Number of protein chains: 2
Amino acid sequence: MLKAVSLGPGDVSLLAPAARLAIAEADVVAGYKGYVELVPDDLLAGKEVVSTGMMGEVERARGAVEAARSGRRTVMVCSGDAGIYAMAGLLLEILEAEGLLEEIPFEVVPGVPAFNAAAALLGAPLMHDFASVSLSDLLTPWERIEARLEAAASADFVIAIYNPRSKKRGDHLSKALGIIGRYRAPETPVGVVGRAYRQGQSVRVEALSAVDVERVDMQTVLVVGNSATRVAGGRMLTPRGYHRKYAIGE
Amino acid sequence: MLKAVSLGPGDVSLLAPAARLAIAEADVVAGYKGYVELVPDDLLAGKEVVSTGMMGEVERARGAVEAARSGRRTVMVCSGDAGIYAMAGLLLEILEAEGLLEEIPFEVVPGVPAFNAAAALLGAPLMHDFASVSLSDLLTPWERIEARLEAAASADFVIAIYNPRSKKRGDHLSKALGIIGRYRAPETPVGVVGRAYRQGQSVRVEALSAVDVERVDMQTVLVVGNSATRVAGGRMLTPRGYHRKYAIGE
């Protein structure tokens, strides 16, 4: 048995009972060490823990598949949702490549994605159609990333930005905001959320033309409003369009 | 106190402790009646329940704001995530219109969105950049919806489709799949998930050119793969691109 288990943003108050149960029933808990640290200690007691650094993703996934193959109940824990920029797919790829799809029961336990956690702290910035783009070009050509930003901006999607910045790619976020700025007003609200629902959480709403890129790190998620998004009482609000159909005021 | 509370897809195993606590602490539980039914009975005991039909959204939101204004702790429960095609924004709009943003503490409790629940049941169809589009034209002009589908398809986003069909708009899904089909191969896998994690759940993977539109209803979420998405052991798998960087097989 192999499960990709979503931890949600990090706080146990957003850890679903299904995720808790899957971990409790496991013999082996695999995961990036920063994510394993999010698992409550009582759930890890007596279990084999296989954790590796951020770059050891393939090695970690192989280890988990190997553990499951040997008959041990194995979970791979992921921050946010296991199906978004996470490990569910890599596990499935390895099961497929090793001809184990029939042999090892595989399941994904969904969770609260990072961009939803950020959105909740910001107010109601998503509400309607949205797109999510990762600025990491480790596995995706930068030209493809730019094309996606351009498409999402031109069609007025609210845009969630993952992996906005790292030491190696300091200018990606500025470039991305520049592309979006060709289609959105400079005062468009942008939510900048660091470490949502974790120690050190930060929540800011800035104008598209004035995002403080230097304060953004790899653990930050940004939510760029669409043409209708506004600030209400310090929150981001993307109306669904009710004002066209109903009178909200009197 | 007013909270927009996410119930997740419906099963209590995916109801976060934070959502459970918010409901337990409330005096008033407001919501569409189909969503209130998802709340465990023990949590509703002794509370005032304000439920209305699907079309009474504004009325329901006003009722919740009114209850909160009178000093009763009030929650508005939403299926999936309260910030995606749901009620968080409408509550904020009404608070703003009535000048209550400072007076009534407002909070959003995030949850597992419907498209993540569908994705987990399908395998790993999202994984990388994705876009979400609702086909409901009650509040959005159809031309805008078509433009978004076109943009998302052309930039190779995985596409989640909400509100795919109703009695009044039987042909929207066919039109939407036709637009996407201009950019994707006919055999592109499409996940069709009805009532995820609820009684009567159905999960199918079909080819883009052969989606059985007649079997789709308003409670179905579709996930259209990108150009790299394939079927692996009956599941949908969108690789993150590791195959370019690592050898997955031998």
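This is a predicted model: local features need pLDDT of at least 70, side-chain atom pairs count only at pLDDT 80 or more; totals for chains, interfaces and linings use all residues.
B:Ser6 itself is found in strand 1 of chain B. With a relative accessible area of 2%, B:Ser6 is buried, because the cut-off for that class is under 20%. Leaving aside neighbours within four places in sequence, B:Ser6 is in contact with B:Leu15, B:Ala19, B:Cys78, B:Gly80, B:Asp81 and B:Ala82, and also with B:Val109, B:Pro110 and B:Gly111.

Chain B holds an open sheet of 5 strands in the order 3-2-4-1-5, with parallel pairing. Strand 3 (48-52) and strand 5 (106-109) of chain B stand at the edges; each has a single partner strand, so one side of each is left without a neighbour in the sheet. From one strand to the next, the twist averages 20°. Strand 1 (residues 2-6) of chain B runs parallel to strand 5 of chain B, and 4 bridges join the two. Within this pairing, B:Val109 in strand 5 of chain B is the bridge partner of B:Val5. Helix 5 (residues 88-97) of chain B lies across strand 1, strand 4 (74-78) and strand 5 of chain B, and runs at about 175° to strand 5 of chain B.

Rolling a probe the size of a water molecule over the atoms shows where empty space is left. The structure holds 3 cavities of 30 Å³ or more, and about 50 Å³ of space lies in the largest cavity. From chain B, the lining of the largest cavity includes B:Ser6, B:Leu7, B:Gly8, B:Leu14, B:Leu15, B:Ala16, B:Gly111 and B:Val112. Chain A contributes A:Leu14, A:Ala16, A:Gly111 and A:Val112 to this lining.

A further site is found in chain A, where A:Ala119 lies in helix 6 (residues 114-122). At 4% relative accessibility, A:Ala119 counts as buried. Not counting residues up to four places away in sequence, A:Ala119 touches A:Ala124, A:Pro125 and A:Leu126. A:Val192 is 73 residues from A:Ala119 in sequence, with a C-alpha to C-alpha distance of 9.7 Å in space.

Definitions and conventions. Residues are numbered from 1 along each chain as its sequence is written. Chains are lettered from A and ligands numbered from 1 in the order in which they are written. Side-chain values use heavy atoms; hydrogens and water are left out. Two strands pair if DSSP finds at least two bridges between them. Axes are lines fitted to C-alpha atoms, for helices over the stretch in contact, and angles run from 0 to 180 degrees between N-to-C directions. Contact means heavy atoms within 4.5 Å. Buried means under 20% relative accessible area, exposed over 50%, partly exposed in between (1.4 Å probe, protein chains only). On a 1 Å grid over the protein atoms alone, a cavity is a set of points where a 1.4 Å probe fits but cannot get out, and a pocket is an open set with protein on both sides within 12 Å along at least five of seven lines; lining residues have an atom within 4 Å of a point. Grid points are joined across faces, edges and corners, and a volume is the space filled by probe spheres set on the points.
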